[in-house]
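Please read them with the model open.

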Amino acid sequence: MIPAEKDQFTLSTGKSIFRLFWYPTVLLVTVLISYGQTLWMDVWRDAHAIFFKFNHLYERTGYLGNGILGEGTYRFSVAPYWFIYKLFGYGQIWPYYMLNLIFYFLAALSIYYLFSKLLNKISGRIAGLLFAVGYIATEGFMDLAGSMIFNVSIILLCCCLLAYFNYFQTRRYKFYLLSLSIYILAIFLTPVRTHYFIGVLILFDLLWFQGKKIILRLIPFATMFYLMFLQSADSRTGSMLQFIKDVLAGKVYNLYSFFGSLGYLFVSDKYINFIASFRNFRLAEILISGIALALTFWFSRKNSWLKTRIVFSLGLTLVWFYL
């Protein structure tokens, strides 16, 4: 290889490496900025139960259950930290948070790859950064008792959707079986954070497969959901049916927590409280209704009938205003 060709090869290789690693590097720096300070944290809240469990493996220790692997919905809450405890004991707390920091970065990468595949690279980068900045579920990711469960569930569920989407694109059953296997693993390892995911799969299937043979595809997932989650769930699961009955009976106020959480995903509570302080002007209701009107009008833009769009948008806006 002549010197000019060698230089060109080196330059091309350098550019390829840069294109491959620049975004993960940006994501890592963002994660370090958003959650790096957790390395200076001490044991906090429910994490005390985890440290108690290290020396009392065969006591139930509240919701953690018996043994190092635990039992019930919150099983495996202690297991990821066991090897850290064996190496560092109680003297150093930062290695426990470092483990969570690494898995949080992997979760952010998983979000990036998922949305890049579903939409495009730019959307994936935006989604990954929005997650990495630490705005979503901050308290849960700072808590040792819940952080690992959060991170592992996000990684597994992103991989599950990626495999399911590859099956949609290729119609190769190995991707379908891979998606089902990852789903089973997610229910087994992190049941407390995957109970809702059967609904995501149904919606995902409807959006990309447009409902064709949806029942046949989702029967294995629904069966695993029933056998591995519903049959072993705690008493709170049984109250779901009563909740649905109450909402259908007109007790709409039961949805307060849902809509409140939905709002906090996008707007800080400081600004929500400011808006809600003008009760006489009903600014909160007007703002939410206006957003509903704009979104409905936008998503129905392919409909050429302007009057139909306006009537439909106003109708949904009135529903939102009432709620």
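1. Basis. This is a predicted model, in which local features need pLDDT of at least 70 and side-chain atom pairs count only at pLDDT 80 or more, while totals for chains, interfaces and linings use all residues. Residues are numbered from 1 along each chain as its sequence is written, and side-chain values use heavy atoms, with hydrogens and water left out.

2. α7 and α9, geometry. Helix α7 (residues 144-170) packs with helix α9 (residues 197-209) at an angle of about 25°, their axes being 11 Å apart. α7 is therefore roughly parallel to α9 (angles under 35 degrees count as roughly parallel, over 145 as roughly antiparallel, 65 to 115 as roughly perpendicular and the rest as oblique). The crossing of α7 past α9 is right-handed (the near helix is turned clockwise from the far one; left-handed is anticlockwise by less than a right angle). Axes are lines fitted to C-alpha atoms, for helices over the stretch in contact, with angles running from 0 to 180 degrees between N-to-C directions. Helices are DSSP runs (H or I, at least four residues), numbered from the N terminus.

3. α7 and α9, residues. By class, the contact of α7 with α9 has 13 nonpolar residues, no polar ones and one charged (Ala, Val, Leu, Ile, Met, Phe, Trp, Tyr, Cys and Pro count as nonpolar, Asp, Glu, Lys and Arg as charged, and the others, Gly among them, as polar).

4. α4 and α7. Helix α4 (residues 94-118) and α7 have axes that come within 9 Å and cross at roughly 25°. α4 and α7 are therefore roughly parallel to each other. Here the crossing, α4 past α7, is left-handed. The contact of α4 with α7 has 20 nonpolar, six polar and one charged residues.

5. α9 and α10. The axes of α9 and helix α10 (residues 214-230) cross at roughly 170° and come within 11 Å. That makes α9 roughly antiparallel to α10. Ile198, Leu201 and Asp205 are among the α9 residues in this contact, and Arg217, Leu218 and Phe221 among those of α10. The contact of α9 with α10 divides into 10 nonpolar, no polar and two charged residues.

6. Ile291. This residue lies in helix α14 (residues 283-299). Ile291 has 46% relative accessibility and so counts as partly exposed (buried is under 20% relative accessible area, exposed over 50%, partly exposed in between, with a 1.4 Å probe and protein chains only). Ile291 and Trp320, 29 residues apart in sequence, are 9.6 Å apart in space, C-alpha to C-alpha.

Conventions
Helices (H or I, at least four residues) and strands (E, at least two) are DSSP runs, numbered from the N terminus. Contact means heavy atoms within 4.5 Å.
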